[in-house]
Amino acid sequence: MTLEECYARMGANYEDVLRRFYKPEMIARFVKLFPADNSFQLLKDAMAAGDVKEAFRAAHTLKGVCLNLGFDNLSPSAIALTEILRKGTFEGVAEQYAIVEKEYAKTLDAIRALD
């Protein structure tokens, strides 16, 4: 699968990212590093531990990475989760976390299918 097909598969806009990064090789380099980013695992662990502060920090980091890489499918749900957690409570988090988890898996599947 090409990088452009990867972005299409995950539901993101490759052309938008290309305008910012200029070179497909640079995009590919950073996209391939995404699975090693531990933001989602930190979020998952903080959620399980009931640690709102750490969950917020992890969600905020995940949001930034997604915005930088143009993961349009994952960034809106990460933004929404970050804003819920910013209030310092888990109220309303479960539903939004489920969306983040689903989009994260979709993103990883697309990246792992790259040539």
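**Reading the rings**

Mentor: Let's start with Phe34, which counts as buried because its relative accessibility is 2%; buried means under 20% relative accessible area, exposed over 50% and partly exposed in between, using a 1.4 Å probe and protein chains only. This is a predicted model, where local features need pLDDT of at least 70, side-chain atom pairs count only at pLDDT 80 or more, and totals for chains, interfaces and linings use all residues. Residues are numbered from 1 along each chain as its sequence is written, and side-chain values use heavy atoms, leaving out hydrogens and water.

Trainee: How is a pair of aromatic rings described?

Mentor: By the distance of the centres and the angle of the planes. Rings of Phe, Tyr and Trp (its six-membered ring) pair if their centres lie within 6.5 Å; planes under 30 degrees apart are stacked, over 60 edge-to-face, and the rest tilted. Here there are seven aromatic pairs. Take Tyr7 and Phe71: their centres are 5.8 Å apart with 50 degrees between the planes, a tilted pair.

Trainee: Are Tyr7 and Phe71 buried or exposed?

Mentor: Both Tyr7 and Phe71 are buried. Now compare Phe34 and Phe71: with centres 5.1 Å apart and planes at 85 degrees, the pair is edge-to-face. Phe71 itself has a relative accessible area of 0%.

Trainee: Which residues do ring pairs link into a cluster?

Mentor: The cluster holds Tyr7, Tyr14, Phe34, Phe40, Phe71, Tyr97 and Tyr104.
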